Amino acid sequence: MKLILCGACGRMGSEVTKLCAERGVEIVCGVDLVKKQLPYPLFPTFAEVKEEADVIVDFSSAAGLEERLLFAKEHRLPIVLAATGYTEADEELIKVFSGRIPIFKTGNLSIGVNLLELLVKKAAAVLGEDFDIEIVERHHSQKKDAPSGTALMLARAAEEARGSDFERVYGRHGMVGARQKDEIGIHSVRGGNVVGEHEVGFYGEDEIVTLSHSARSRRVFAVGAIRAAEWLMQKEAGLYDMNALLREIAM
Ligand SMILES: NC(=O)c1ccc[n+]([C@@H]2O[C@H](COP(=O)([O-])OP(=O)(O)OC[C@H]3O[C@@H](n4cnc5c(N)ncnc54)[C@H](O)[C@@H]3O)[C@@H](O)[C@H]2O)c1
């Protein structure tokens, strides 16, 4: 597999670079706004890329999404969108392009977190409206978007299971009044070098159920990205996520 790595100079870019070297996966070039010494050519934008590739892995940011998708469409390349922080307009754009190329998008590439999502769905359905749901996520001090893509993914999972949308409350401050039944609280903690922690609490009258996941190293996301890239290369145009991949593996 030959891949183009967008966001090659970042923390995740470094993890993917290390993993590819270990596994003999060829990175034909990187794309990043900043410069760094890398064992492959690096370009500031996709306009300069002339290398032949099989797939793009994007660990940069939501900025520049359209340029990336246009390049992928023009060269008929599947693309793994591993960055987070997309707006509703970005999500629409991704849907439109997925009619032409295979796109893999997930808020979290770890298998453990995707299992957590399934457990959250189950818990939300079983516990029902009598339990208030609050999500707490913790990440390192350099993370730019909040709440995390994974926290949003978990909130959507709970909503799907309950069959109704919650009002999302991002942190609380001041005289906010009593908690409403249709609220879901989402709280972001930032500090140090925390890789990524998510906790979904179901708070009832007499009992509390807490489901949580803690990532101990960024490598887990690089492994997920390479696995997703290999899997996506076999796919037709469409929008895929980690659950689709796991369902297929489990079959
Ligand atoms: N889906 C997952 O499982 C998962 C896991 C970890 C991180 N992430 C996401 O991946 C992204 C990167 O994380 P990180 O910790 O490596 O961040 P980082 O800030 O260390 O690295 C991001 C890199 O992308 C580059 N970049 C930013 N915008 C760009 C653009 N428009 N064009 C080209 N390069 C650009 C930056 O210069 C930087 O080198 C974030 O959105 C993060 O939330 C997702």
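Visitor: Let's start with the ligand. Which residues come nearest to it?

Guide: Keep in mind that this is a predicted model. The ligand has 25 residues around it, and the nearest are G7, G10, M12, S60 and G64.

Visitor: Which helix gives the most to that shell?

Guide: That's helix α1, residues 11–23, with three residues.

Visitor: Now a helix by itself. How do I read which side faces in?

Guide: Start with the general idea. An α-helix has 3.6 residues a turn, so residues three or four places apart point the same way. Now take α2, residues 65–74: its buried residues include L65, R68, L69 and A72. Those residues sit on the same side of α2, because the arc they cover around the axis is only 95°.

Visitor: And which exposed residues does the face turned away from the buried side carry?

Guide: On α2, that face has E66, L70 and E74.

Visitor: What covers the buried residues of α2?

Guide: Among the elements over them are the strands β1 (2–6), β4 (55–58) and β5 (79–81), along with α3 (88–97).

Visitor: Which residues make the contact between them?

Guide: From α4 you have V113, E117, V120, K121, A124 and A125; from α5, T150, M153, L154, A157, A158, E160, A161 and R162. Sorted by type, the residues of this contact are nine nonpolar, one polar and four charged.

Visitor: Let me pick V120 in α4. Is V120 buried or exposed?

Guide: V120 counts as buried because 24 C-beta neighbours lie inside 10 Å, and the cut-off for buried is 20 or more. Leaving out residues up to four places away in sequence, V120 touches L154, A157, A158, V200 and L211. For a sense of separation, F97 is 23 residues from V120 in sequence and 30 Å from it in space, C-alpha to C-alpha.

Visitor: At what angle do α1 and α6 pack?

Guide: About 65°, with the axes of α1 and α6 (residues 219–232) 9 Å apart. That crossing is right-handed. On the α1 side you'll find M12, E15, V16 and L19, meeting R219, F221, A222, V223, A225 and I226 of α6. Eight residues of the contact are nonpolar, none is polar and two are charged.

Visitor: Why does R76 count as exposed?

Guide: Because R76 has 10 C-beta neighbours inside 10 Å, and exposed means 12 or fewer.

Visitor: And which peptide bond is cis?

Guide: Look at the bond from A146 to P147, which is cis with omega near -5°. You'll find P147 in the loop between β7 (132–139) and α5.

Definitions and conventions:
Residues are numbered from 1 along each chain as its sequence is written. This is a predicted model: local features need pLDDT of at least 70, side-chain atom pairs count only at pLDDT 80 or more; totals for chains, interfaces and linings use all residues. A residue is near a molecule or strand if its C-beta atom, placed from the backbone, lies within 6 Å of it. Helices (H or I, at least four residues) and strands (E, at least two) are DSSP runs, numbered from the N terminus. The arc is that of the directions from the helix axis to the C-beta atoms. Two residues are in contact if their C-beta atoms, placed from the backbone, lie within 7 Å. Ala, Val, Leu, Ile, Met, Phe, Trp, Tyr, Cys and Pro count as nonpolar, Asp, Glu, Lys and Arg as charged, and the others, Gly among them, as polar. Axes are lines fitted to C-alpha atoms, for helices over the stretch in contact, and angles run from 0 to 180 degrees between N-to-C directions. A crossing is left-handed if the near helix is turned anticlockwise from the far one by less than a right angle, and right-handed if clockwise.
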